[in-house]
Amino acid sequence: MVTFEQFNLPKSLQKALDELNFIHPTPIQEKSFPVVMSGRDVMGIAQTGTGKTFAYLLPILKQWKFTPSDSPKILILVPTRELVVQVVEEIEKLTKYYSIRTLGIYGGVNINTQKKNIYEGLDIVVGTPGRIMDLALDNVLRFDNIQKLVIDEFDEILNLGFRVQLTSILSMMRNKRQNILFSATMTEEVDELLDEYFNFPEEVSLAPSGTPLEKIQQSVIAVPNFLTKINILKHWLENDESMSRLLVFVNSKRLADFVLEHLEEDFSEQFGAIHSNKSQNYRLNTMELFQNGELRGLVTTDIMARGLDITDITHVINLQLPEIPEQYIHRIGRTGRADKDGIAINLVAPKEEELQLDIEELMDYEIPVMPIPEGVKIEERKLEFEKDRIKLKKSVKRAEEERGAAFHEKKDKNKKVNLGGPGKRNPRKKSTNRNAERKKAAKRKGK
């Protein structure tokens with residue numbers, strides 16, 4: 001079995017790995033290492049939770065050479081602020097015995113502080129495309145000395161709408177650099193950017209994006225409505241001690257807050273919520289509390305489904321299935337990491353059955369069905385988003401038709417033939433009368 005010692009890493013890097021108790025590389029790390037070391041452009045396709053961060057950091061740090069320049073030599077782009085923080089932490093672990101200056105850059109914090117840090121000198125920058133672009137346009141962050149560009153979670157960066165910023169950053173860079181890209185899925189948009197900006201990247205593929213992770217036990221429970229889903233979740237939390245570190249996924253920020261509010265009733269201060277409406281400090285503090293074991297679980301949206309490496313997640317609970325099947329793979333990939341077993345349970349309402357079929361088709365795997373646990377109260381009330389709106393749509397359409405008919409009737413009723421004034425009806429006559437009056441007035445004047 002391959003070990004990191006076979007990579008012939010520098011002593012300072014190997015020592016850091018030894019202290020982290022990392023002995024054997026993951027498959028993506030083993031396959032990527034020689035390709036990145038070759039200096040060629042690399043396109044890595046790998047599922048979440050496979051060790052992609054070390055797959056590009058280890059060869060980059062092996063090739064690291066000190067230069068006196070204060071501008072960055074390595075730029076790493078990631079989709080979210082949380083992922084920036086995580087990648088910076090991983091770099092700091094590996095560079096414990098290096099003299100390397102690393103900075104994480106993202107929005108939601110004071111840009112002037114970030115400018116000051118950049119002016120002090122940097123070697124590695126990790127950032128989100130939006131804030132990186134802002135600093136580049138201000139001519140604070142320069143790409144003159146960039147030797148290696150890493151784009152992690154490439155597909156998710158595009159999904160989040162950062163294409164313009166990404167292409168702008170790429171166009172600012174010099175051509176002589178190595179591009180290292182990692183993506184969980186290969187989309188047409190990813191393909192287009194590869195063709196336009198990269199030099200025949202060599203593909204390193206670990207597994208198809210739809211392959212279910214083998215270490216994760218999946219199941220489905222058919223549930224009539226969302227309030228019953230919350231009752232099931234509360235039942236598990238009360239009766240199943242193995243549910244010690246949970247991620248609970250929903251599809252909207254509003255529902256994340258709604259679920260947290262209901263969990264607080266019975267499990268006060270055991271859960272937090274993370275989504276894009278939360279402040280940056282709140283999100284980072286909540287993440288830290290969860291990582292430290294001070295919170296039992298997080299309720300979140302798909303902002304937590306990609307890239308983040310949270311240790312020892314026991315369960316992923318999908319209170320709603322994602323609308324994009326590939327996103328399901330990323331969600332459940334939060335558990336079953338680092339060769340540990342994980343559990344993913346999906347509570348599926350009638351309207352989500354088609355989404356379930358799409359997910360199963362993507363994975364080529366039929367998810368086993370479980371019954372609703374005994375003793376759980378089945379609610380009758382539906383939340384507003386669950387209500388059938390078909391009848392409402394028909395009545396709205398009918399009302400619009402009636403309004404339209406009334407409008408046209410009124411319009412026709414108000415139509416008048418514009419006959420105009422007496423002059424417009426018979427302009428010549430009016431003109432003749434006016435001339436006659438002038439002649440009479442002239443005669444009177446002459447007398």
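A charge counts as sitting over a ring when NZ of Lys or CZ of Arg is within 6 Å of the ring centre and within 35 degrees of the ring normal. I looked up Lys278 with that in hand: its charged end sits over the ring of Tyr282, 5.0 Å from the centre. I also found the charged end of Arg245 over the ring of Phe290, 4.4 Å from its centre.

A note on what I'm looking at: this is a predicted model, where local features need pLDDT of at least 70, side-chain atom pairs count only at pLDDT 80 or more, and totals for chains, interfaces and linings use all residues. Residues are numbered from 1 along each chain as its sequence is written, and side-chain values use heavy atoms, with hydrogens and water left out.

Next, ring against ring. I got 7 aromatic pairs (Phe, Tyr or Trp rings, six-membered for Trp, with centres within 6.5 Å; planes under 30 degrees apart are stacked, over 60 edge-to-face, the rest tilted). Phe154 and Phe198 have ring centres 6.4 Å apart and planes at 75 degrees, so I logged them as edge-to-face. Phe154 is in helix α7 and Phe198 in the loop between α9 and β7, 44 residues apart. (Helices are DSSP runs of H or I, at least four residues; strands are runs of E, at least two; both are numbered from the N terminus.)

Then I checked Phe226 and Phe258, a tilted pair at 6.4 Å and 50 degrees. Phe226 lies in α10 and Phe258 in α11, so this pair ties together parts 32 residues apart in sequence.

I also jotted down one aromatic cluster: Phe4, Phe7 and Phe33.
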